[in-house]
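Biologist: I would like to go through a protein model with you. Please show me the structure, and then I will ask how you know what you say about it.

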Amino acid sequence: LEALAGSGGPVRLADLSRQLGMPRARIHRHLKTLRELGFVSQERNGERYWLGSRLFHLGQAAREQFEITRIAERPMHNLRDAFGQTIVLSTPVNGEALVVAVTESENVVQISVRPGARLSAPQSAQGRISLAYAPAAVRDRVLASLDATERAATEERLNILRSQLYEYSSGEMLGGISVLAAPLLGDSDELAGTIAVVGAAQDISETPEAIALLQAEAAAISAVLGSDAYKMAGS
């Protein structure tokens, strides 16, 4: 299902087999079951597959029940008012950040981020946070695509952001756009999500004041989720 979700469109059986490293016969059996349950749709007289409509309804229900979006709603508005910029909430999925909620700025010209978008590492601040807290096997898989120099630099950056509890990027995904992001932590300091300020480079910078504003709201959300990591870091 995650392979289909990340494909951006219908996928052939052979392509799924190569991507997942599984025999075509096994993939076909899984797809047959998922299709019968309504989780997958199949092209008529073809072998291309895509996500089924039942997943859309499940996703809507999950979003309504998803606790972190409820907990983060007020802090996101607080940050929007403080920064005057768009605020993005994401959750970790396989070392990437999946955007689940957006509070847009009230500026005449807005920088918009689409819910459902995936932000990968090492090209985004939110993606690096997700990767930094991901299981070792996930980190190794993502970092394996980098050359030795890039991998060493990325690993060092992941270690630093876990220590400083924020990450900053400028112009990495899109020229002129900056992002200041902080992790949202739960029980055992596991990553529950990230919260980020997104805006024009001239409006967002890595200043102590901006970091403090963002981390204050991230700490409040994390405390509700069961983590005192921000309190311990500041002590």
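What follows is a talk about the fold, its strands and its hairpins.

Biologist: What kind of model is this, and how are residues numbered?

Modeller: This is a predicted model: local features need pLDDT of at least 70, side-chain atom pairs count only at pLDDT 80 or more, and totals for chains, interfaces and linings use all residues. Residues are numbered from 1 along each chain as its sequence is written, and side-chain values use heavy atoms, with hydrogens and water left out.

Biologist: How many helices and strands does the protein have?

Modeller: There are 10 helices and nine strands. Helices (H or I, at least four residues) and strands (E, at least two) are DSSP runs, numbered from the N terminus.

Biologist: Why does the radius of gyration agree with a compact globule?

Modeller: The radius is taken over C-alpha atoms, and the globule rule is 2.2 Å times the number of residues to the power 0.38. For 235 residues a compact globule would come out near 18 Å; the protein has 19 Å, so the two agree. The C-alpha trace spans about 60 × 40 × 35 Å along the principal axes.

Biologist: What makes a residue buried?

Modeller: Buried means under 20% relative accessible area, exposed over 50%, and partly exposed in between (1.4 Å probe, protein chains only). By that cut-off, 40% of the 235 residues are buried.

Biologist: Why is β8 called largely enclosed?

Modeller: Strand β8 covers residues 177–185, and nine of its nine residues are buried, so the rest of the structure largely encloses it. Both faces are covered. One side has buried residues including Ile-177 and Val-179; the other has buried residues including Ser-178 and Leu-180.

Biologist: Which strands pair with β8?

Modeller: Two strands pair if DSSP finds at least two bridges between them. Four bridges join β7 (residues 167–170) to β8, and nine join β8 to β9. Both pairings are antiparallel. Ser-170 has Ser-178 in β8 as its bridge partner. Leu-185 has Leu-191 in β9.

Biologist: Where do positive phi values occur in these hairpins?

Modeller: In the hairpin of β7 and β8, with six residues between the strands, Gly-171 takes a positive phi near 70°. In the hairpin of β8 and β9, with five residues between the strands, Ser-188 takes one near 60°.

Biologist: What makes β4 mostly covered?

Modeller: Strand β4 (residues 86–93) has eight residues, and seven of them are buried. Five bridges join β4 to β9 (residues 191–200) in the antiparallel sense. There, Ser-90 stands opposite Thr-194. β4 also pairs with β5 (residues 96–103), antiparallel, over seven bridges. Val-88 is the bridge partner of Val-102 in β5. Asn-94, in the hairpin of β4 and β5, takes a positive phi near 50°.

Biologist: Which strands form an open sheet, and in what order?

Modeller: Three strands form it, in the order β1-β3-β2, with antiparallel pairing. β1 (11–12) and β2 (40–42) stand at the edges with a single partner strand each, so one side of each has no neighbour in the sheet. Two bridges pair β1 with β3 (residues 48–51). Arg-12 has Arg-48 in β3 as its bridge partner.

Biologist: How much of the contacts comes from residues 24 or more positions apart?

Modeller: Contact means heavy atoms within 4.5 Å. Among contacts with a separation of 6 or more, residues 24 or more positions apart account for 52%.
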